[in-house]
Amino acid sequence: MQSFELIRPESVKDAIGAQSERSAYIGGGTTLVDLMKLGVMQPDHVVDTNRLGLDEIEVLDDGRLKIGARVSNSRLATDARVERDYPVLSQALLSGASTGLRNMATTAGNVMQRTRCPYFRDPAKPCNKREPGTGCSAMDGINRNHAVLGTSEHCIATHPSDMCVAMAAIGATVVVEGRKGTREIPFEDFHLLPGDHPEREHDLRSDELITHVVLDAPLEGAVSTYLKLRDRASYEFALASCAAIVTLEGTKVTAARIALGGVATKPWRAVDAEAALVGEDATAKMFEQVALLAFQRAIPLEHNAFKVELGQQAIARALRDAVQQASQGEHQ
Amino acid sequence: MTEYFDPKTQGGATSKSRRNFLKTVGASGVAAASTPLWAQTTQARAAETPEGDPVKASAPAPGMSRIQLNVNGVERTVDVAPQMVLLDVLRNELGLTGTKKGCDQGQCGACTVLVNGQAINSCLSLAISHQSDEITTIEGLERDGELHPVQQAFWEHDAFQCGYCTSGQIMSAVAVLNDDRIGQSDAAVREAMSGNICRCGAYKNILAAVQDARKTMKGGV
């Protein structure tokens with residue numbers, strides 16, 4: 001690993017002051033240390049966030065849940081309020097990585113998690129995300145694990161986080177602090193599509209630090225589930241995953257939130273499928289129909305075309321599983 | 001009932017017998033002659049500092065930071081560069097080679113140690129961020145020559161073949177058995193320990209060992 005200077009500020013203000021173009025913040029280190037060892041990230045300065053506090057979870061007056069940037073994935077997943085009000089988030093977190101990694105990984109770190117694209121992780125290979133303008137090795141390479149939604153001709157890397165898929169479905173705000181003050185970024189706007197600039201992954205300015213993620217208030221009476229489909233039953237990234245949250249009146253769907261992982265370049269809200277489902281009967285047939293809409297604009301490549309059908313099935317089954325809870329009286 | 005390591009009450013007990021073992025090895029000419037030079041140095045150094053490392057007179061070298069770690073109940077002082085991970089400090093600086101380096105990128109779990117009672121992958125954790133933390137490695141589990149119930153169960157169930165992943169498996173198992181949030185079913189244990197890969201495929205016996213140790217630990221307290 002290339003050496004770096006470690007800066008250990010004790011306040012958010014000092015942390016922001018220490019930030020530069022050639023620096024990186026470190027939380028649990030599960031992404032950054034890995035990528036520094038590989039030579040993919042080579043910051044001159046690493047700014048340690050572990051003395052900044054930011055480790056509280058609190059319910060706000062308006063019913064939203066404010067999560068400190070440094071709250072670990074383990075703690076967030078097993079927080080009583082999260083288990084009660086946002087079980088889909090708890091399930092998503094616990095489906096990701098391993099116990100040891102979840103103990104280290106932080107909330108903000110997971111929002112900032114980098115892709116697992118093997119070409120991105122190999123400095124010997126061309127990659128527009130790692131080195132803009134060098135080309136995309138995955139496009140004509142082994143792209144089985146790559147995205148079919150939100151891609152561009154320059155990048156097809158998936159966003160790897162499970163937590164972010166649940167947050168996209170729940171609805172959230174990323175709170176960031178910079179030299180010019182506080183900014184609140186809607187979760188769906190935080191991660192950027194690759195477009196012509198796959199190296200730009202998020203709407204975070206170079207001086208800004210994530211301090212909190214605030215979840216929208218839970219939908220009253222909602223049922224939800226997180227379904228993750230992958231090559232092995234545990235400790236593996238998603239090939240396709242779906243966070244589904246629905247509310248029902250009798251057999252009619254009154255609200256639906258559907259987000260996808262493993263198939264897209266960012267945590268993906270399936271808004272077309274959501275809109276089509278509201279007002280309809282909650283039947284397996286209807287779930288299959290709206291699932292098709294989510295992949296209408298999919299661009300499959302040589303090895304990942306299976307993700308279109310897999311993703312559709314993930315949506316249909318997640319919706320079915322969630323609604324089944326309603327009939328069994330297990331409300332969110 | 002023999003006292004064994006419990007992360008919740010960690011910090012009180014120290015591993016006396018390990019220190020005695022090291023003293024014995026360090027003092028034995030026969031053992032030393034058959035031991036690699038680097039190991040002799042390490043063992044001698046450990047043997048000379050049974051109650052922790054003495055205060056170092058000189059300042060750390062340029063670019064290095066001096067940190068204190070409580071490793072297996074012993075206060076250790078070590079100079080580390082910013083990029084040194086906990087795994088390498090334990091193995092190379094403190095001579096605790098029971099913790100293994102497998103993939104070195106957080107994918108295998110061989111490097112699992114407990115930090116303040118929680119299992120972590122020490123290969124991805126910067127050592128410098130562990131100032132004053134209580135770290136437990138495989139060397140810190142036994143008490144007065146008696147194996148920890150999890151170690152004993154691994155022995156009895158033949159829960160390994162090559163043994164390379166075993167330290168990590170055992171440390172994860174200790175954390176799992178001390179975590180009330182993790183269920184007791186076979187499925188829950190498998191899920192909680194899925195970050196520890198066993199290339200030999202000894203999972204069946206590992207699971208049996210963990211569940212057996214659960215009876216000893218819960219039933220014996």
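Predicted model: local features only at pLDDT ≥ 70, side-chain atom pairs only at ≥ 80, totals over all residues.
How many bridges join strand 10 of chain A to strand 11 of chain A, and in which sense do the two strands run? Nine bridges join strand 10 (residues 240-249) to strand 11 (residues 252-261) of chain A, and the two run antiparallel.

**Annotation and domains of chain A**

- According to an unreviewed UniProt entry, residues 1-220 of chain A carry the annotation "domain: FAD-binding PCMH-type"; over that stretch the chain is 26% helix and 17% strand, with its end C-alpha atoms 49 Å apart.
- The domain assignment of chain A gives domain 1 as residues 5-46 and domain 2 as residues 223-327, and the C-alpha centres of these two domains lie 36 Å apart.

**The parallel sheet of chain A**

- Three strands of chain A form an open sheet in the order 1-3-2, and their pairing is parallel.
- Strand 1 (5-7) and strand 2 (23-26) of chain A are the edge strands of this sheet, each of them pairing on one side only, while neighbouring strands are turned against each other by 25° on average, direction ignored.
- Between strand 2 and strand 3 (residues 45-48) of chain A, which run parallel, there are four bridges, and A:Ile26 stands opposite A:Asp48 in strand 3.

**The antiparallel sheet of chain A**

- A second open sheet of chain A is built from four strands in the order 9-10-11-12, with antiparallel pairing.
- Its edge strands are strand 9 (223-229) and strand 12 (268-269) of chain A, and each of these pairs on one side only.
- Helix 5 (residues 87-95) of chain A packs on this sheet, where it touches strand 9 and strand 10 of chain A, and its direction makes about 15° with that of strand 9.
- Within the pairing of strand 10 with strand 11 of chain A, A:Ser241 stands opposite A:Gly261 in strand 11.

**The pairings of strand 5 in chain A**

- Strand 4 (residues 57-59) and strand 5 (residues 65-68) of chain A run antiparallel and are joined by three bridges, with A:Glu58 standing opposite A:Lys66 in strand 5.
- The hairpin formed by strand 4 and strand 5 of chain A has five residues between the strands, and in this hairpin A:Gly63 takes a positive phi near 90°.
- Strand 5 of chain A also pairs with strand 8 (residues 209-215) of chain A, in the antiparallel sense and over four bridges; in this pairing A:Leu65 stands opposite A:Leu215 in strand 8.

**Helix 8 of chain A**

- Helix 8 (residues 163-170) of chain A is mostly covered, in that eight of its eight residues are buried.
- The buried residues of helix 8 are A:Met163, A:Cys164, A:Val165, A:Ala166, A:Met167, A:Ala168, A:Ala169 and A:Ile170, and the helix is followed by A:Gly171, whose phi is positive, near 90°.

**The contact between chain A and chain B**

- Chain A brings 22 residues to the contact and chain B brings 24 residues.
- On the side of chain A that touches chain B, strand 1, helix 2 (32-38), strand 3 and helix 6 (99-104) of chain A each supply at least two residues, and the largest share, five residues, comes from helix 6.
- By residue type, this side of chain A divides into eight nonpolar, ten polar and four charged residues.

**Chain B**

- The secondary structure of chain B comes to eight helices and five strands, which follow the pattern α-α-α-β-β-α-β-β-β-α-α-α-α when read along the sequence.
- Of the 221 residues of chain B, 40% count as buried, and among its contacts between residues at least 6 apart in sequence, 63% join residues at least 24 apart.
- In helix 4 (residues 86-93) of chain B, the residues B:Leu86, B:Leu87, B:Val89 and B:Leu90 are buried, and the buried residues of this helix pack against strand 2 (74-80) of chain B.
- Just after helix 4 of chain B, B:Gly95 takes a positive phi of about 70°.

How values were computed
Residues numbered from 1 in each chain as written. Chains lettered and ligands numbered in written order. UniProt positions renumbered as here; feature names shortened; annotations may be inferred. Pairing = 2+ DSSP bridges. Axes fitted to C-alpha atoms, helices over the stretch in contact; angles between N-to-C directions. Contact = placed C-beta atoms within 7 Å. Nonpolar A, V, L, I, M, F, W, Y, C, P; charged D, E, K, R; others polar. Buried ≥ 20, exposed ≤ 12 C-beta atoms within 10 Å, placed from the backbone. Domains from an automatic or database assignment.
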